[in-house]
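Here is a short briefing on one protein model. Look over the structure, then work through the points below.

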Amino acid sequence: MGRPPSNLPPKRGRPSSSAASQKLSDVEQDVYNLIRSKEGMGIFVGDLKRELKLQDAIVKKSLKVLESQKLIKGVNDVHHKLNKHYMAVEFEASKEITGGSWYVEGKLDAEFIKSLKELCLKLIDKLEVVTVEGLFDYVRRSGCFNDEVSSHQILEILQALVLDNEIEEVKSTGKGVFSSLPLGKVCYHRLTRRNPTTGILSSIPCGVCPRISECTPDGIISPINCVYFKKWLDF
Amino acid sequence: MLTQQGLEYAVHIIKSHFGDLVSKVCKCLLQRGPLTLQALAQRTQLPRDQLKKCLLVLIQHNCVQAFIAAEAEETSDLQRNFVQYIAIFDNILHRSRFSKFLQIAEEQLDGQCEELLKGLLQHGRLTLESVIARAVSQKNEGNSESQDAHRANFVRLVHAHFVERCPTAQPVLEPFAGELLTIEKRAITAAAPSHSERFSVIVDIGSDIDVKNNQRCSSATTGEKACVANVRSKLDVKTGTVLEAILEATRSSEEKVKEEMSVPLSMDTILQEVRGRPEGLEMTLEHVRAALNQLGCVPSLAGTEGLYSIDLKNIIANAQNEEVEAVVLNRYGREAYRIFRLLAKDSRLLETNQISDTTLVDKKEASELLFRLWKDGFLDMERMSSTLPKQATIFLWKVKKDSLWEHVVDTMYHAALNVSQRMDYEREQEQELRQIQPDLMTEALKKRYNRLRRVMLILESSLLKLDDAFMLFNDF
């Protein structure tokens with residue numbers, strides 16, 4: 001899988017401007033300096049224009065020059081996908097901008113999360129009980145994700161699986177399946193529940209109906225003319 | 001819990017059992033609370049004699065209680081010295097559970113007791129003599145031996161708390177004593193005979209005593225059954241069996257119907273109870289231990305032997321959570337389910353980004369889902385102004401259980417009402433099928449007949465299951 005390593009520390013800024021920036025015009029230099037001063041947070045084009053009191057065309061031209069000289073880069077903002085943050089190339093975009101280690105180019109890497117979850121569940125099934133460290137070790141040794149996964153990410157995956165009601169967080173009793181783990185150690189195991197996601201109300205169309213608040217005995221939507229009832233009863 | 005849809009459902013039950021006029025009176029009482037005969041006549045616009053007959057039907061079937069307020073109360077509309085009438089919502093709902101009550105009577109006692117109980121359920125209140133006479137006439141028996149047998153069965157029903165004496169016709173309601181009880185509860189409590197009287201009918205056999213089905217006890221057993229059914233489906237059959245055995249073993253010793261913790265039992269007693277039922281015959285000590293563990297049951301040490309008691313309150317709370325979570329999952333999807341479970345876990349306020357990060361849901365999607373859940377009444381939201389330049393407003397979210405649970409129960413009543421109305425509609429549509437014998441039907445009619453049977457089966461079983469869900473959310 002081709003994800004960038006996520007557990008590396010953020011890059012630090014260089015002490016001075018690069019040699020290439022010396023060839024810049026005054027305006028371009030001002031734009032570059034402002035962008036660089038924002039470090040990993042970067043800056044929106046709109047904020048750039050406002051702060052330097054420059055016209056749109058000049059800012060756009062300066063950004064183009066700076067990008068072509070590989071002095072700055074545009075990073076998608078996870079909150080405003082149509083806007084780009086500009087930052088100096090030597091800075092790693094901050095978590096607020098990128099969304100964190102699960103995001104690639106402003107988008108949640110759902111496929112990666114899904115694969116990692118599946119692998120973790122398989123390993124938990126096999127091992128019965130796991131700790132974060134133990135599971136991290138197994139995931140790395142499985143060779144499926146090489147260096148792409150950090151132990152913090154494994155913890156986050158386990159917490160998401162708990163919320164999915166797939167696994168449960170327990171404390172080791174030091175006995176039985178926990179015998180290899182110290183007493184009180186936080187660990188995770190599969191839930192033995194058979195079908196925890198089927199409820200009584202949700203098995204009836206009204207329980208999941210998006211129009212239930214508009215449904216009345218003699219109304220336009222009613223149990224007599226309900227399309228969901230028809231589908232349910234005449235399958 | 002009387003919600004708007006609960007009221008509609010209760011009125012629908014009364015309408016289908018006793019007709020339009022009685023349901024009109026019942027609706028008025030449910031909507032307005034206690035009313036005098038005069039006030040009721042004004043609001044329903046019914047002639048006095050008709051109104052009185054309607055009230056008598058409702059009282060006969062334990063759906064209305066009359067009372068007299070001893071003193072006028074400033075905080076309520078209760079009028080001094082006038083007889084007032086109040087609808088008993090729970091008893092109206094119990095009418096849809098009669099088949100369950102009968103099934104329990106048959107399982108716990110036998111078919112003959114079930115027959116006696118059926119008479120009481122059909123007629124609401126009867127004198128002891130009428131109960132016996134009805135049973136005798138049904139079997140075309142007239143000898144004293146069969147009467148004695150029926151009396152003996154009646155004693156069993158009373159001892160098992162299926163049947164109790166009728167409440168006082170017009171109890172005097174003492175002034176409000178500071179306890180946070182509804183007028184409905186106060187009227188029921190004031191009317192109820194003392195505990196010893198309620199179940200002492202047998203002492204004076206032969207006298208003309210009014211008796212009725214003890215719906216509270218029957219519904220408690222039904223509620224326990226709903227709880228066991230929930231554990232069976234959500235955990236496993238063995239765990240359900242162990243829970244059922246423990247509840248049954250402790251039922252008679254529990255004074256209050258629904259205790260938070262069951263009476264402690266030793267492992268030997270539990271094993272004996274479990275193995276005393278067909279599905280528990282092959283269960284080993286290990287199976288029982290595992291089941292107790294699943295139920296979150298830790299032994300307390302009293303003397304030399306570990307005693308186990310079931311945290312019923314916790315089991316019910318988990319079942320309620322799962323019921324609501326299932327609605328979220330099926331209505332809004334897996335991501336919303338994770339978000340809801342996170343927020344429901346400790347009911348604290350969390351910020352949108354924090355929720356998105358913990359649940360691994362895309363930030364924009366998380367925000368959209370949170371707003372949908374909030375709009376539909378599943379979440380509470382608070383806005384906070386941020387000092388950060390980029391995000392002027394921060395949204396904080398939490399699950400507010402009290403209002404959400406009420407919302408869910410209201411949806412359940414709405415669903416039950418819809419299912420009942422659909423049943424009426426389906427029956428009406430195929431009325432002509434009733435006139436024809438199944439073996440004389442053409443192919444086309446047979447097809448319609450089979451469809452109707454299948455549809456009614458789905459609707460009826462859904463209604464029974466919904467009733468289990470009411471039980472989980474209401475005190476049983």
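**Chain B at a glance**
- Chain B has 22 helices and 13 strands.
- Of its 476 residues, 51% count as buried.
- Take the contacts in chain B with a separation of 6 or more: 65% of them join residues 24 or more positions apart.

**A sheet in chain A**
- Three strands of chain A form an open sheet in the order 5-7-6, with antiparallel pairing.
- Strand 5 (129-130) and strand 6 (167-171) of chain A stand at the edges; each has a single partner strand, so one side of each lacks a neighbour in the sheet.
- Two bridges pair strand 5 of chain A with strand 7 (residues 186-190) of chain A in the antiparallel sense.
- In this sheet, A:Val130 stands opposite A:Tyr188 of strand 7 of chain A.
- Helix 5 (residues 110-127) of chain A packs on the sheet and touches strand 5, strand 6 and strand 7 of chain A. The direction of helix 5 of chain A makes about 95° with that of strand 7 of chain A.
- Helix 7 (residues 151-163) of chain A lies across strand 6 and strand 7 of chain A, at about 110° to strand 6 of chain A.

**Salt bridges**
- Over all chains, the structure holds 34 salt bridges.
- One of them joins the side chains of A:Arg36 and A:Glu90, at 2.7 Å from N to O.
- This pair links distant parts of the chain, 54 residues apart: A:Arg36 is in helix 1 (residues 26-37) of chain A, and A:Glu90 is in the loop between strand 2 (84-88) and helix 4 of chain A.
- Are these two partners buried or exposed? A:Arg36 counts as buried because its relative accessibility is 16%, and A:Glu90 is buried at 7%.
- B:Glu368 and B:Lys364 also form a salt bridge, with their closest N and O atoms 3.9 Å apart.
- These residues are four apart in helix 19 (residues 363-375) of chain B, so about one helical turn separates them.
- B:Glu368 is partly exposed at 46% relative accessibility, and B:Lys364 is partly exposed at 47%.
- Shared partners join A:Lys117, A:Asp164, B:Arg334, B:Glu335 and B:Arg338 into one network of salt bridges.

**Confidence in chain A**
- The mean pLDDT of chain A is 83, and 87% of its residues reach 70 or more.
- Among the elements of chain A, helix 7 has the highest mean pLDDT (94) and helix 4 (residues 95-98) the lowest (76).
- Over residues 6-19 of chain A, the pLDDT is below 50.
- Where pLDDT is low, predicted coordinates should not be read in detail.

Definitions and conventions
Residues numbered from 1 in each chain as written. Chains lettered and ligands numbered in written order. Predicted model: local features only at pLDDT ≥ 70, side-chain atom pairs only at ≥ 80, totals over all residues. Heavy atoms only, no water. Buried < 20%, exposed > 50% of the residue type's maximum accessible area, 1.4 Å probe, protein only. Contact = heavy atoms within 4.5 Å. Pairing = 2+ DSSP bridges. Axes fitted to C-alpha atoms, helices over the stretch in contact; angles between N-to-C directions. pLDDT = per-residue confidence, 0-100. Salt bridge = Lys/Arg side-chain N within 4 Å of Asp/Glu carboxyl O.
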